[in-house]
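Work through the exercises below with the structure open beside you. Try each task before reading its solution.

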Amino acid sequence: MALVTFLSDYGLQDEFVGVCHGVIAMLAPGTQVIDVTHGVPRHDVRTGALTLRHALPFCPPGVHLAIVDPEVGPSARRAVAVAVGAGDRVLLGPDNGLLMPAAEALGGAVEAVDVGLSPFRLEPVSATFHGRDLFAPVAAALARGEPLGAAGEPIAADQLLPLALPEAIVEDGGVRAHALHTDGFGNVMLDATHEQLIAAGLRLGAPVSVQSRHTEHPARFVKAFVDVPEGALLLYEDARRMAALAVNRGSAASLLGVRRDGEIVLRAG
Amino acid sequence: MALVTFLSDYGLQDEFVGVCHGVIAMLAPGTQVIDVTHGVPRHDVRTGALTLRHALPFCPPGVHLAIVDPEVGPSARRAVAVAVGAGDRVLLGPDNGLLMPAAEALGGAVEAVDVGLSPFRLEPVSATFHGRDLFAPVAAALARGEPLGAAGEPIAADQLLPLALPEAIVEDGGVRAHALHTDGFGNVMLDATHEQLIAAGLRLGAPVSVQSRHTEHPARFVKAFVDVPEGALLLYEDARRMAALAVNRGSAASLLGVRRDGEIVLRAG
Amino acid sequence: MALVTFLSDYGLQDEFVGVCHGVIAMLAPGTQVIDVTHGVPRHDVRTGALTLRHALPFCPPGVHLAIVDPEVGPSARRAVAVAVGAGDRVLLGPDNGLLMPAAEALGGAVEAVDVGLSPFRLEPVSATFHGRDLFAPVAAALARGEPLGAAGEPIAADQLLPLALPEAIVEDGGVRAHALHTDGFGNVMLDATHEQLIAAGLRLGAPVSVQSRHTEHPARFVKAFVDVPEGALLLYEDARRMAALAVNRGSAASLLGVRRDGEIVLRAG
C-alpha cells in the first residue's frame, strides 16, 4: 500500500497540505502521494464526498486520506479507517459521511476501526490540526504496511455515519432532479442518471425544457459541449456518468440560479 | 520515458488534475509527474502554448502532456502525439496550436500520430473529459515505453495546426511590439527580443518611451527590478529571454491598460 | 539528502514552480520534492519565514529551498545556503531574514555559504528568475550529495540577516500581544505562548477580554473550535503551539480588524 491519495479542504495558500506531505515522507519514506484536490470548499463535506467518489475509481489501490472536518476537536466526531471492497483500499478520515459514497462505489465497507486514539498518532495531538497529528501519521503507518487492526479500535461498519443525498424521481414526462454539485466551471451535476433521462422520455439530440426556480429554460440533450452554440444550455451525461447541465463557454450555475439540492425538472421540450 | 510533465487549464479547485495523476499511476506505476502549471486561464490556448514553450526546455525529456481544449468532443479536433528534436520528447494534447511553439523550441516535430482512437484509451471515452479517458492513458502508455507508432495513426507533421502569433517590427527609432502575455504579477511579455531592442537604438540604462493605447509612459531599460524605484515602469529582458515591461512592486498590465496583442511601441526616450 | 522541500511566493498560476521542479528533476534525477506552499503573499518575507518555521520540523531532513525575494537582482542581496542543527538540513534562499526563524527552530545555523556565484548556477543567470537559474540548481546539487562548501563562498553564520519580530509582554492581569500572521481561514496567530497566557492569569475554560484597535471583544479561552458556538470568538493554542484567535466558522481577522503587528491585549474577562 505504498500509495496515498489525499483530498482536503485545506486549500494551498497555507502550509497545511505541505506539512501532511512532510509527515508522510518522514514516517513512510518512499510513499507516493497523489493530491486528488485540496480545493473542496471549506467545511463542505458533501462536495468532498462526491469528489472522492468520482476520483477514487481512477486511482490505484492504497490509502485514501480525506479531510473535510468541520467538527475537528478532541471529542467531537470519530476518526475512522475503513477497508473497502477487496481490502486493498483503505479510506481514512473523519466519520461525518465524507467517506461513505466512495466506500459504496468501491465495493462497500468490509472492516472499520476508530483511529481517534491510534498508537500511530503524533503526540501531542493538537485540537485543530488532526491532518498533521492524527490522519497523516496513520496514513503513513498503513502505507508502510501496518495492518488495519493495529491502527485503532474495531467498530461495526454499519455504524459509520451515512451521507444524506437527494434522489431524482422519474415522473410522467420528465425527471424531478436536484443540483448535487457545481464545479469550478459552473457546470451543474444532477442526481439523475442517463438511464433515468431515457426512462422519462428524453431523447439524445432533442430539445429539453429545464425548470429551475420557477423559470423554464430551453436546452438540448446532447453528447458534448460542441453540439450546441456558444452560450447555449445543454443537458449531457458528464464524465462522472451523471446527468449534468452546462452552458457552452459559460456557467449553467449562474444562468439557472442554482442552489444546492435545488429542484430542477427536466421535460422533453 | 518514465517522466511526464503536465500542463492544463483545469485549475486545482476540482479533482480533474488529481484524476489524471491517478490514471497515470494506475497505468504506469512509478512514473514521475511534474505539474508545469494548471493555472492557464480556461480555454486560453495562446497562454498555454507560450507557457509550455518557456517551461519545457527546463524539464527533462519525457512525455509532455498539455491540455487546453475548448473544442473537446468526439469529433471536434484531432488529438495528437508529436515527437520532437532527437525523439526523446513527445508532446501530447489537442491539435489546436497548443503544442506548436514548444515543438519548434525543442527542435521541431519529427513524427506525429493522431491518438483520437488510440488503443490505449480508457473505454468508454466520455465526451468531456479527454484528459482522463484519452490523454492521461496515452501519456501513461508512452511513459512505460510503448512506441509512438502504437499510440495512434500516423499523420504528416506539417499538417499540425499552427498557432498564430503577432511579430514585432524594428522601425526607425523604435520597435513596434505587441503584448503577448501577462503573468500573475502583471508583468507584460512582448514579442520583441533583446536583439531587436538594441537594433532599434535602445540602450541598456537609458530612458525609454512606452506608448500603449495612445498614451506615452516614461520607463527605463534596465537589467533588474531593483534598478528602478518602487512604482516605476521598467523595460527588461525577462527570464524567458523576451523583452518585457514591469512596474517594480506593481502591475505594468494595469498601468498600461494592456490587451492581448495590443500594440506597444518602444522608442529611445 | 535526496529530498527537497520547496516554499515560495510564486503562486501556481504561472509556470515558475513547475520550472523549478523541472530543473531539479534534470539536475538531480530521482529527488523527491515536497511543496510546502507557494501561496505566501507576494514579497511577504515575514509570512514566508513563519510558515517555514512551522512546517520544517514536520518535514524530513534535506534541502529546504525557500524563495520570497523582493530584492531579486544581480547585486541586491546575498543568496545563501545555511546548514542547521546536526547538519543534515540545509536552508537555501535569499539572505533577507526568510530562513532565520526556521534555522533557529532547527537548532541554529552551523555553517553558511554565499551561493550568489555558485558553480552550480545555470548560465546565463537571468536578473529576475533566480529560482530557476540559481536556487533550484544549487538545491539539486546539494540533493545529489555535493558538499555545502562546494556550493559557494563561506560566510560567518552570525552575519546572516535576522528577521525583526514583535514580542509579547506579560503584564499585570494580561498579555500585550501582537498579530503575527493571519491564515487563509482568518485565524490570527499571536506572538504569545500558552505559557505566557497562563502566567498572565488566564485560565482554560474561562472568559477572556480581547482588545484590538480600542475595541473590547468577549471571547473564551478553550481547547478547540467546537468548545464555542458558531460565530463566537475563541482564544486557543494553535497547532503551531502559539496563542491564536479564531471565530468558529468565521474570520477573527475580519471581526478584530487585525493589521500586521497590531497590538492585541488579552485580559481575564
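**Exercise 1. By what turn and shift can chain A be laid on chain C, and with what RMSD?**

Solution. Chain A is laid on chain C by a turn of 120° and a shift of 0.0 Å along the axis, and the RMSD is 0.0 Å. The superposition is by least squares on the C-alpha atoms of residues with pLDDT of at least 70 in both copies. Next, compare the surfaces that the copies use: they are different, and 3% of the contact residues of chain A recur in chain C. Contact here means heavy atoms within 4.5 Å.

This is a predicted model, in which local features need pLDDT of at least 70 and side-chain atom pairs count only at pLDDT 80 or more, while totals for chains, interfaces and linings use all residues. Residues are numbered from 1 along each chain as its sequence is written, chains are lettered from A and ligands numbered from 1 in the order in which they are written, and side-chain values use heavy atoms, with hydrogens and water left out.

**Exercise 2. State how chain B is laid on chain A, and name the relation between the two copies.**

Solution. Step three: the surfaces used are different, since 3% of the contact residues of chain B recur in chain A.

**Exercise 3. Describe the interface of chain A and chain C.**

Solution. Then take the area. The size of an interface is often given as the accessible area lost when the parts come together. Chain A and chain C bury about 2400 Å² between them, with 60% of it on carbon and sulfur atoms. Buried area is the accessible area (1.4 Å probe) that two parts lose on being put together, summed over both.

Now look for charged pairs. Two salt bridges cross this interface; the term means a side-chain nitrogen of Lys or Arg within 4 Å of a carboxyl oxygen of Asp or Glu. C:R240 forms a salt bridge with A:E15, with 2.6 Å between the closest N and O atoms.

Last, find where the chain A side comes from. Helix 1 (residues 16-27) of chain A gives the largest share of the side that touches chain C, eight residues. Helices (H or I, at least four residues) and strands (E, at least two) are DSSP runs, numbered from the N terminus.

**Exercise 4. Which residues of chain B lose the most area to chain A?**

Solution. First set out the interface: 30 residues of chain B are in contact with 32 residues of chain A. The area buried between chain B and chain A is about 2400 Å², and carbon and sulfur atoms give 61% of it. B:E15, B:R42 and B:T128 lose the most area to chain A, together 24% of what that side buries. B:E15 also meets A:R240 in a salt bridge (2.6 Å, N to O).

**Exercise 5. Is A:S118 buried or exposed?**

Solution. Locate A:S118: it is in the loop between strand 6 (109-114) and helix 4 (130-143) of chain A. The cut-offs are under 20% relative accessible area for buried, over 50% for exposed, and partly exposed in between (1.4 Å probe, protein chains only). A:S118 has a relative accessible area of 1%, so A:S118 is buried. Leaving out residues up to four places away in sequence, A:S118 touches A:L134, A:V138 and A:A151. The side chain of A:S118 reaches the backbone oxygen of A:A151 at 2.8 Å.

**Exercise 6. Where in the chain do A:R46 and A:D261 lie, and how exposed is each?**

Solution. The side chains of A:R46 and A:D261 meet in a salt bridge (2.8 Å, N to O). A:R46 is in helix 2 (residues 45-55) of chain A, and A:D261 is in the loop between helix 6 (252-256) and strand 15 (263-268), so the pair links distant parts of the chain, 215 residues apart. A:R46 is buried because its relative accessible area is 9%. A:D261 counts as partly exposed because its relative accessibility is 30%.

Key:
A polar contact is a pair of N or O atoms within 3.5 Å; within protein, one must be able to donate a hydrogen and the other to accept it, and residues adjacent in sequence count only if both atoms are side-chain atoms.
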